[in-house]
Amino acid sequence: MPISSPLIHVRDLSKRFEVRRGALRQIVGHVHAVEGASFTIDRREVLGLAGESGSGKSTIARLLLRLIEPTSGQISFDGNDLLRLPAAELRQFRRRAQIVFQDPYGSLDPRMTVAEAVSEPLIVQKLVASQRLARERVAELLALVAIGPEYMDRRPGELSGGQRQRVCIARALSVEPEFIVADEPASALDASIQAQVINLLAGLKTRLGLAMLFISHDIAVMAHLCDRIAVLYLGRIMEIGPSSELVGRPKHPYTAALLSAVPNPDPELRRERPLLEGEVPSPVSPPSGCVFRTRCRFAVAACASTVPPLRQIDQDRFKACLRDDVP
Amino acid sequence: MQHATPSPPLLDVDALTVHYRARAGLVHAVSDVSFQLGQGETLAIVGESGSGKSTTGLAIMGLLPTDRRTVVHGAIRLTSKSGSINDVLRLSDRERRRVRGNDVAMIFQDPMSSLNPIYSIGSQIIEAVQQHRNVARRAAVADALRLLAELGVPSPDRILASYPHQLSGGMRQRVMIAIALSCRPRALIADEPTTALDVTIQAQILALLKRVQRDTAMAVVFITHNLAVVAEVADRIVVMYAGRIVETGPVRDVFKSPRMPYTRSLLRSLPRLGHVRRSGDPLEAIPGNVPSPLALPPGCTFHPRCPHQVGGVCDGLIPNLEPCAPNRLVRCARWREID
């Protein structure tokens, strides 16, 4: 397998959750959480998943880590079919792929010290021979996320939100993963601390050569960290492309609408913007054809009957929209 | 939306200080905070967690605890519809309930926890209307329908019949705004009203608040941690850090030439869509952490994180909040030197 092949290759991935009602818990419908998603993540690449709540961002993350099973589609990790990995290799995969969650308060055990939390994965994966070696490794890991060794024996309650998130990142890094999912890792933090965590992740990507799936509702933060961005709406990928190009010249009407909704931090540029009207439709009964058409300013009759395929429109750029002349 | 502040101001917060006696010590939640707000004006109070911005909002609403553990000093003078001036901090509970809703109303970050899950939306709006105005139920229902329609809620009668959990976050926030506006208050305190919402819904709610304000000349205190939202909605800004105002002035001026190093760093740490040169460019981060309100550093509370701090100057006395330009105040011992 050549080294240039992507680390993760996702083809036509779908996940539907059953909706059950009544005493007999009969299936009355499906939540279309992810529909026909295809994308790749290269080694050393950060792919951003942008989208509003309910767009399927976190479902894709959980599918890629095989925390949940897809309804259909394929995922390959380093050339192997992730969905058919034998038990021993799945255990290996659990070491190679890690996740950092949004809430650093809920993802650390309040009774464990920092050293215990960071070394737990090492012990579970049998990567250290002794407690003493584990402590040495913990000190190295904490240094990597700029936390002094004096914090080793403190508990999460004594740490600030930013420090807790650093500890969570150190814990994820402890098993030397190749791939990290960061699910809104900075969203719960104060403004002055957010930039610290984003910069830390950017630095780790360069120093450790990590591949990353970065999930955020903040596309401005994403543009700073990610190499490419995939924009999701109602479980479908609307557009994928290199960050600066996608943010600078969006090709899909939804991407353009999402970007125009981001408040501009320059009061001189205050303006009346075209607002995206209404709300995201229910994922239990998504619109026919293009799922965005019910809110799209550019929708035409064909949008209701044809599901637009994700098609290449430029070097490295793809969009799922029938029209070439918009936005 | 620039308005000259008429005299007397609609809202006059004068040397507000709020301390809590906690088991671990005295919590300096708000220290010596003063600002005025005129009709039709939007003032943004910006700060991180523990900056005292929400406590200031609760104080204006008369919602601070009245137990012996809470120490409140200063005055919050509010000009009522009749023209009389009341100090919210010195009103009886009953008088305070009359002011609340009538003269000043509040919306919060999480509309789910502000709405009662077991009552329909309609009965909650009607309750708010009838609390303050002596109207029959039918008139109150008509009022509720009209309010929702004014706020751009599609099929208001269906919304009135539904329960909070059946609505989206954006729709719940619209309902909260309808309840807040039901008695046509002269001032609205909005505490992080769009923080829990998606950006496209945030844009809708911000546009809605602007429109209501244009139509009613209501004054708004917008409490947020999001400077980009401030740039979109506010006329003036108050920046708080560790319970104190550290900088205040017109939004355009403060954003163009922030004087307090904290404001500068905050503005520079903002990710900006237009300024992405290439991915991986570091954002400017502020080192260290927000100090604990139980153990504030001596002198300027920002000095341990400040790139311009000088020993013997910044760690001694708390600097005064002093004029640095027309309509602008800054709390920094070195603001003249660090341009």
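## Exercises on a predicted two-chain model

B:Asp198 has 23 C-beta neighbours inside 10 Å and therefore counts as buried.

**Exercise 1.** Determine where B:Asp198 lies in chain B, and which residues B:Asp198 touches.

*Solution.* Begin with the secondary structure of chain B, where B:Asp198 is found in the loop that runs between strand E7 (187-191) and helix H8 (199-216). Next, recall the burial: a residue is buried if 20 or more other C-beta atoms lie within 10 Å of its own, and B:Asp198, with 23 such neighbours, counts as buried because of this cut-off. Finally, within chain B, the C-alpha atom of B:Asp198 is separated by 9.0 Å from that of B:Gly169, a residue 29 places apart from it along the chain.

**Exercise 2.** Describe the overall build of chain A, and explain why chain A is called as compact as a globular protein of its length.

*Solution.* First take the secondary structure, which in chain A comes to 10 helices and 12 strands. Along the principal axes, the C-alpha atoms of chain A fill a box of roughly 70 × 55 × 50 Å. As for burial, 47% of the 327 residues of chain A count as buried.

**Exercise 3.** Find which residues of helix H3 of chain A are buried, and what they pack against.

*Solution.* Helix H3 of chain A covers residues 114-124, and its buried residues include A:Val114, A:Ala115, A:Ala117, A:Val118, A:Ser119 and A:Leu122. The buried residues of this helix pack against helix H4 (131-144) and helix H5 (161-173) of chain A. Just after H3(A), A:Lys126 takes a positive phi of about 55 degrees.

**Exercise 4.** Work out how many residues of chain B are in contact with chain A, and which helices supply them.

*Solution.* Start with the count: 39 residues of chain B are in contact with 39 residues of chain A. On the side of chain B that touches chain A, H8, H9 (227-233), H10 (251-256) and H11 (261-268) of chain B each supply at least two residues. The largest share, 6 residues, comes from H8(B). Sorted by class, this side of chain B has 19 nonpolar, 12 polar and 8 charged residues.

Note on methods
Residues are numbered from 1 along each chain as its sequence is written. Chains are lettered from A and ligands numbered from 1 in the order in which they are written. This is a predicted model: local features need pLDDT of at least 70, side-chain atom pairs count only at pLDDT 80 or more; totals for chains, interfaces and linings use all residues. Helices (H or I, at least four residues) and strands (E, at least two) are DSSP runs, numbered from the N terminus. The radius of gyration is taken over C-alpha atoms; the globule rule is 2.2 Å times the number of residues to the power 0.38. A residue is buried if 20 or more other C-beta atoms lie within 10 Å of its own, exposed if 12 or fewer, and partly exposed in between; C-beta atoms are placed from the backbone. Two residues are in contact if their C-beta atoms, placed from the backbone, lie within 7 Å. Ala, Val, Leu, Ile, Met, Phe, Trp, Tyr, Cys and Pro count as nonpolar, Asp, Glu, Lys and Arg as charged, and the others, Gly among them, as polar.
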